[in-house]
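Me: I'd like to learn how the labels for this structure are decided. Could you walk me through a few of them?

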Amino acid sequence: MVAARAGLSRAAFSKRFADTVGRPPAAYLTWWRLTTAARLLRASDAPLSQVAARVGYTSPFAFANAFKRAFGTAPGRYRRHHGAPGKGARADGAGGSLTASEVSPGR
């Protein structure tokens, strides 16, 4: 769909994207989703299932596996070690909700 909007075949789009961005589209999407999740884990006390859903994972288990592959640690442990003091991060991942500004990719 994106390739068609750009007026390119899927292969041509993928090559041009990788040449420009430095990684293929699917790898970039995974990177973006997981770095956004890491930011949300640091900045909020939203449950892991909500963070997973906000970054496009339908299963918290799939999210946790992908996060661990990328960061070398489980999302809950990442939050405990990287949550900012005074930002409401909780070690148990309970409570809280995310605002639109917390999920904006530009932040």
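Reply: Let's start with a rule: rings of Phe, Tyr and Trp (its six-membered ring) pair if their centres lie within 6.5 Å, and planes under 30 degrees apart count as stacked, over 60 as edge-to-face and the rest as tilted. By this rule there are eight aromatic pairs. This is a predicted model, where local features need pLDDT of at least 70, side-chain atom pairs count only at pLDDT 80 or more, and totals for chains, interfaces and linings use all residues. Residues are numbered from 1 along each chain as its sequence is written, and side-chain values use heavy atoms, with hydrogens and water left out.

Me: Why is the pair of Phe63 and Phe67 called tilted?

Reply: The ring centres of Phe63 and Phe67 are 5.7 Å apart and their planes stand at 55°, so the pair is tilted. Both residues are in helix α5, four residues apart.

Me: How do you know how α3 and α5 are oriented to each other?

Reply: Helix α3 (residues 25-43) and helix α5 (residues 60-71) pack at an angle of about 95°. Angles under 35 degrees count as roughly parallel, over 145 as roughly antiparallel, 65 to 115 as roughly perpendicular and the rest as oblique. Therefore α3 and α5 are roughly perpendicular.

Me: What makes Arg33 count as lying over the face of Tyr57?

Reply: The rule asks for NZ of Lys or CZ of Arg within 6 Å of the ring centre and within 35 degrees of the ring normal. Arg33 lies over the face of Tyr57, at 4.0 Å from the ring centre.

Terms used:
Axes are lines fitted to C-alpha atoms, for helices over the stretch in contact, and angles run from 0 to 180 degrees between N-to-C directions. Helices (H or I, at least four residues) and strands (E, at least two) are DSSP runs, numbered from the N terminus.
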